[in-house]
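Open the model in your viewer and keep the sequence panel beside it. This tour goes from stop to stop, saying what to select and what is there.

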Amino acid sequence: MTRAACGAPLAPPELMQYWLGELEEPRERELDEHLFACGACSERLRAIVDLGAAVRQVFLEGWLNVMLPEPFIRGLQSAGFQVREYELAAGGSVNCTVTPEDDFVVSYLRAPLTDVRRLDVLIDDSTSGQFRANDVAFDPAAGMLVAVTSTAYLRTLQRSQQRVRLVAVEGAEERVLGDYTFNHSPPK
Ligand SMILES: [Zn+2]
């Protein structure tokens, strides 16, 4: 399918707000008119609608971390979102940041998951404390956990460290699959 390029493309975060009915008049009416006339932007709005509830959860509800399947991330990118990505091997660490242009920050945590039945994620954040997410969703064949961290939260951080541990749970037994360290600093 061909489509005319848009001279003033609507930014995905604003398209998202439009979809959620969160824009104020008269901006909402401006978008109505633009979308009516512009095939390129309507197509991106459709991509956002297709992403559905999960994107709403990440984008609006300010969750610290949400685990999502990798194809979902590709969907965000093809809808025009700016996605900052970090990939870590077990035992790895990374210096990370978030820029004003980033819509999402995604971490790929490599780990052997093929024989894991239940996966828990432990987070020790030097700014906001300790969390444990039990029985998170993951794809055993993917060899990694995909975590989306709230950019709204990351933007509040100064220098900060987030340590993440993936644990396989088998009955009363817990087995550490990997530790991952994020050394966050604000953009320079
Ligand atoms: Zn447009």
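**Stop 1: a residue in a loop**

Select aspartate 135, which counts as exposed because its relative accessibility is 51% (exposed means over 50% relative accessible area, buried under 20%, and partly exposed in between, with a 1.4 Å probe and protein chains only). This is a predicted model, in which local features need pLDDT of at least 70 and side-chain atom pairs count only at pLDDT 80 or more, while totals for chains, interfaces and linings use all residues. Residues are numbered from 1 along each chain as its sequence is written, and side-chain values use heavy atoms, with hydrogens and water left out.

Aspartate 135 sits in the loop between strand S6 (129–133) and strand S7 (144–149). Helices (H or I, at least four residues) and strands (E, at least two) are DSSP runs, numbered from the N terminus. Look at the backbone here: phi of aspartate 135 is positive, about 55 degrees, although the residue is not a glycine. Most residues other than glycine have a negative phi, and most peptide bonds are trans.

**Stop 2: a cis peptide bond**

Go to glutamate 25 and proline 26. The peptide bond joining them is cis, with omega about 0 degrees. Proline 26 belongs to the loop between H1 and H2.

**Stop 3: glutamate 14**

Next, select glutamate 14 in helix H1 (residues 12–19). Is glutamate 14 buried or exposed? Its relative accessibility is 19%, so it counts as buried. Show its side chain together with that of arginine 27: a polar contact of 2.8 Å joins the two (a pair of N or O atoms within 3.5 Å; within protein, one must be able to donate a hydrogen and the other to accept it, and residues adjacent in sequence count only if both atoms are side-chain atoms). Leaving aside residues up to four places away in sequence, glutamate 14 touches Leu23, Arg27 and Leu31, where contact means heavy atoms within 4.5 Å.
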